[in-house]
Amino acid sequence: MTDDDALRERIAAELFAARGRTTLLTSAVDEPDLVKQHSPLMSPLVWDLAHVANQEELWLLREVGGRTPMHPEIDPLYDAFEHPRAKRPALPLLPPGEARSYSREVRGRVLDLLERVTFGGTRLTDGGFAFGMIAQHEAQHDETMLATHQLRAGGPALSAPPPPPAPADAATLPPEVLVPGGPFTMGTSAEPWALDNERPAHDVHVPAFYLDTTPVTNAAYAEFIADGGYDDPRWWSAAGWAHRRRAGLEAPLFWRRDSDAWVRVSFGVPQPIIPNEPVVHVCWYEADAYARWAGRRLPTEAEWEKAARHDPVSGRSRRYPWGDADPTPELANLGQRHLRPAPAGAYPAGAAPSGARQLIGDVWEWTSSDFLPYPGFVAWPYREYSEVFFGPEYKVLRGGAFGVSPVACRGTFRNWDYPIRRQIFAGFRTARSAPEAGESRAR
Ligand SMILES: [Fe+2]
C-alpha cells in the first residue's frame, strides 16, 4: 500500500467513526427532542447535524474539490459566527429528515473525492489536512452533542455503556509527581492534523513544580464543599466570588443533595457520586477556589503540557504522555466508550514520564492560563478558527475528556472556554511550585 493509500484509509476510518457517533447521538432521541433547544448554551441537535455536513461540504467539496455549492441558501443558517447558539432554534433549519439526507449526500460525494484527491501541492491537502480538520470538527460536535444529552431533561436516552476500568494500584500512588525544571518543546510543527493554535513548536523554560498524580476526585471536592469552601471568599478570586454569588453556585453542575449524600444526574440517571472518580462539570472559578483552599494552584498551560509530553531521558516532547502511538482503550478513556471518567489512578499504561496519570481522556483539565497565540502563530485556514478567541476572556483546558474522540485529542491539543462554563466535561488537577535547586540548602 502506498503512503497515500494508507492516508486515504485513515481518513475514511476517521470520517466513518465520527459519523457513527453522530448517528447514534441523533437517533437516540425522537424528532421533538432533535429540534428542541435543551439549554440556551447549546444548539438543537438537528442544527449540529446539518452544520457538520455544511462544513464538510464547504471545506472538502468546495475548497478542496472545487465544486459549486449544493444548497447555497442554507449556508448562513449553519454559520456558527452568524447565529449564536441561543438564537438557532428560531432559524428555518432543515427538518431532521432533510438534514440527514443532506449529510448523507455530502458524505457520499466526499468519499468519491477522497478516492481521487492528490495529497500535497496545496496546504489544504498536505498530509490530508482538510480531511483531518473535518473529521476533528465532526468529532468535536459529537462531544458538544453529548453535552446536550447531559443537559437534556427526562429519562435516559443513551444505553448504559460498560464501566471504565478500575485502577489496581491507586492506593500506592504518590499524591503528586515532580516535574523537573528546564526547557521543553511546547506545541508542534510536525503533527499533520494539528490546528493553527497548536503551532509552531517552540521552547519554553518551565521551573520545577509538583503536579497532582491524578485529577481531583469527587471525594476531595466534597471535602471542599463540606469545609464551607463555597461560603468563604478567601478561596475565590474577586471575579470568581462575584460569579459564585450571582449564579448561586453551591456544588458542581448536576450535583444535588439527597439527605446526607451527594447525588449526580448523569445522562438522565441519578446516582450517588463515586468518591474516587474525577470531579466533572466545575467551572474555572470553582477549580481555582478549590486549589487555593487546598494550599495549591492550577497548573499553567505550559506546566500541564510539560508534565504530559516531556521525556527527560531523550529531552524531546512526545505526542502523548505514553509515547508517540495513537490512543487505544488500554491507554486512555476517550471516544464516549464509558460516558464517565474512570476512577483516579486508572490507565497505568497511559502514564506520563513524570508519573502523572489520566492527562489524556477522562476529564478536560482547567489550567490557569489565558488562551493566547504561541510565538510565530499564523491563523490557518481561517481567522475564526482560533485567532478571534485569543485574549484574557478565555481559559485554556487540556487533555480531552471521555466524550472526546481520539482524532481530536493529543498532547498539544488546546481547548478554551469562559471561566464560568460548567456544561463541558471539565475537571482539573492542582500544582505547586518546587523550591529552586539549592534553595533548601542551609546557608
Ligand atoms: Fe462547528
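Let's start with a charge over a ring. Arg88 sits over the face of Trp47, 3.8 Å from the ring centre. Over a ring means that NZ of Lys or CZ of Arg is within 6 Å of the ring centre and within 35 degrees of the ring normal. Arg432 lies over the face of Tyr210, at 4.1 Å from the ring centre.

A word on the source. This is a predicted model, where local features need pLDDT of at least 70 and side-chain atom pairs count only at pLDDT 80 or more, while totals for chains, interfaces and linings use all residues. Residues are numbered from 1 along each chain as its sequence is written, and side-chain values use heavy atoms, with hydrogens and water left out.

Now the ring pairs. The structure holds 32 aromatic pairs. Rings of Phe, Tyr and Trp (its six-membered ring) pair if their centres lie within 6.5 Å; planes under 30 degrees apart are stacked, over 60 edge-to-face, the rest tilted.

Take Tyr290 and Phe428. Their ring centres are 5.3 Å apart and their planes at 65°, so this pair is edge-to-face. Tyr290 is buried, at 7% relative accessible area. Phe428 is buried too, at 0%. Buried means under 20% relative accessible area, exposed over 50%, partly exposed in between (1.4 Å probe, protein chains only).

Next, Trp364 and Phe413. Their centres are 6.2 Å apart and their planes at 40°, so the pair is tilted. Both residues are buried.

Last, a cluster. Which residues do ring pairs link into a cluster? Among them are Trp59, Phe81, Phe371, Tyr394 and Trp416.
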